[in-house]
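Here's a quick briefing to read alongside the model. Have the sequence and the 3D view open as you go.

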Amino acid sequence: MIKLEKLNGEIIYLNYFQILSLKSIPETKVKLTTGDFFLVKESVEEVMEKVTAFLRSILAGREA
């Protein structure tokens, strides 16, 4: 799971397996495989970094 902040300040945790696409509009739109989407404060690059860090932690045998 990755931690993101919605535009209204609400913290959400997303299963990275459900992320279908990221789009900068200028905020970041995270579209899920369910068809739902969230607008978050983090940039596309920051979201990608969080996903990469999460995957590295899994490969290293520990949780992020």
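**The sheet and its helix**

K23 has K29 in β4 as its bridge partner. Strands here (E, at least two residues) and helices (H or I, at least four) are DSSP runs, numbered from the N terminus. A word on ground rules: this is a predicted model, where local features need pLDDT of at least 70, side-chain atom pairs count only at pLDDT 80 or more, and totals for chains, interfaces and linings use all residues. Residues are numbered from 1 along each chain as its sequence is written, and side-chain values use heavy atoms, with hydrogens and water left out.

- β3 and β4 pair antiparallel over five bridges; strands count as paired if DSSP finds at least two bridges between them.
- Three strands make an open, antiparallel sheet in the order β3-β4-β5.
- β3 (19–24) and β5 sit at the edges, each pairing on one side only.
- From one strand to the next, the twist averages 20 degrees.
- α1 packs on this sheet and touches β3, β4 and β5, with its direction at about 150 degrees to that of β3. Axes are lines fitted to C-alpha atoms, for helices over the stretch in contact, and angles run from 0 to 180 degrees between N-to-C directions.

**The core**

- The largest nonpolar core has twelve residues: I2, L4, I12, L14, Y16, I19, V30, L32, V40, V47, V51 and F54. Such a core is a set of buried Ala, Val, Leu, Ile, Met, Phe, Trp, Tyr and Cys residues joined through side-chain atoms within 4.5 Å.
- At least two core residues come from each of β1 (2–5), β2 (11–14), β4 (28–32) and α1 (44–59).
- α1 gives the largest share, three residues.

- Beyond the four places on either side in sequence, V40 is in contact (heavy atoms within 4.5 Å) with L4, E5, K6, L7, I12, E27, T28, V30 and V47.
- L39, in strand β5 (residues 37–40), has a relative accessible area of 27%, so it counts as partly exposed; buried means under 20%, exposed over 50%, and partly exposed in between (1.4 Å probe, protein chains only).
- With neighbours within four places again left aside, L39 is in contact with E5, K6, L7, I25, E27, T28 and K29.
- L39 and G61 are 22 residues apart in sequence and 31 Å apart in space, C-alpha to C-alpha.

**The chain as a whole**

- The chain has one helix and five strands, running β-β-β-β-β-α from the N terminus.
- Of its 64 residues, 27% count as buried.
- Its C-alpha atoms fill a box of roughly 35 × 20 × 20 Å along the principal axes.
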